[in-house]
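Please read them with the structure open.

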Amino acid sequence: MEPDLSKYRLEGDNSMYRLPSGLVAPVVTRAGSESANTADSGGAVRVSGVSAQHTPARRLWFGKVSNEPGYRSVTHHHGEAETGGYVLSGRARIYFGEKFEDYVDMGEGDWVFVPPFMPHIECNLSRNKPLTWMTTRTPENIVVNLPDIADADLRDWLDR
């Protein structure tokens, strides 16, 4: 069965995305000119390629997150934002659930969706290699840091 594409017509007003020149056009963020003006969850290095900080985007944050070997974020959530991630390199773990007793592990090429308002902890499983993710959020890169818990309280973290 063919999908119904009739609702995707070429109509609507995109004038809010006009550049200073008046032109509505794709906006390229060149390598090395990404914005590092992003929210933080304790040591993650986030740079945005597409965000309200330096493009006309109003409902999307898309960037790269790098974690040093052995990195573990503070406990946090992303408010109303839906979050999608893709592991470019390295091995990742996300703790979640009551008392953070549950976790999922990911490797290069894996994708993850984190629902809005879900408290979690992001980790680099490697003790000697960096972890790099591509991350997207709607509507923005919201980071709400929460009271943290001890490493010893995270199942399988110390003996990974």
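1. In this predicted model, the charged end of Arg160 sits over the ring of Trp157, at 3.6 Å from the ring centre. A second contact of this kind involves Arg58, whose charged end lies over the ring of Tyr17, 5.8 Å from the centre. The cut-off for the distance is 6 Å.

2. An open sheet is formed by 3 strands, ordered β6-β5-β8, with antiparallel pairing. β6 (102–106) and β8 (121–124) are the edge strands; each has a single partner strand, so one side of each has no neighbour in the sheet. From one strand to the next, the twist averages 20°.

3. Within that sheet, β5 (residues 92–96) pairs with β6 in the antiparallel sense, over 5 bridges. Phe96 has Asp102 in β6 as its bridge partner. Arg93 stands opposite Asp105, also a residue of β6.

4. How many residues lie between β5 and β6 in their hairpin? There are 5 residues between the two strands, and Gly97 in the turn has a positive phi of about 90°.

5. Tyr86 and Trp111 make up a tilted pair, with 4.4 Å from centre to centre and 50° between the planes. Tyr86 belongs to strand β4 (residues 82–89) and Trp111 to strand β7 (residues 111–114), so this pair ties together parts that are 25 residues apart in sequence.

6. Are the two members of that pair buried or exposed? Tyr86 is partly exposed, its relative accessible area being 25%. Trp111 is exposed, with a relative accessible area of 66%. The threshold for exposed is over 50%, which Trp111 passes at 66%.

7. The pair of Tyr95 and Tyr103 is edge-to-face, because the ring centres are 5.3 Å apart and the planes stand at 65°; the class requires planes over 60 degrees apart. Tyr95 is buried, with a relative accessible area of 0%, whereas Tyr103 counts as partly exposed at 23% relative accessibility.

8. Asp105 in β6 has Arg93 opposite.

Key. Residues are numbered from 1 along each chain as its sequence is written. This is a predicted model: local features need pLDDT of at least 70, side-chain atom pairs count only at pLDDT 80 or more; totals for chains, interfaces and linings use all residues. Side-chain values use heavy atoms; hydrogens and water are left out. Two strands pair if DSSP finds at least two bridges between them. Helices (H or I, at least four residues) and strands (E, at least two) are DSSP runs, numbered from the N terminus. Axes are lines fitted to C-alpha atoms, for helices over the stretch in contact, and angles run from 0 to 180 degrees between N-to-C directions. Rings of Phe, Tyr and Trp (its six-membered ring) pair if their centres lie within 6.5 Å; planes under 30 degrees apart count as stacked, over 60 as edge-to-face and the rest as tilted. Buried means under 20% relative accessible area, exposed over 50%, partly exposed in between (1.4 Å probe, protein chains only). A charge sits over a ring if NZ of Lys or CZ of Arg is within 6 Å of the ring centre and within 35 degrees of the ring normal.
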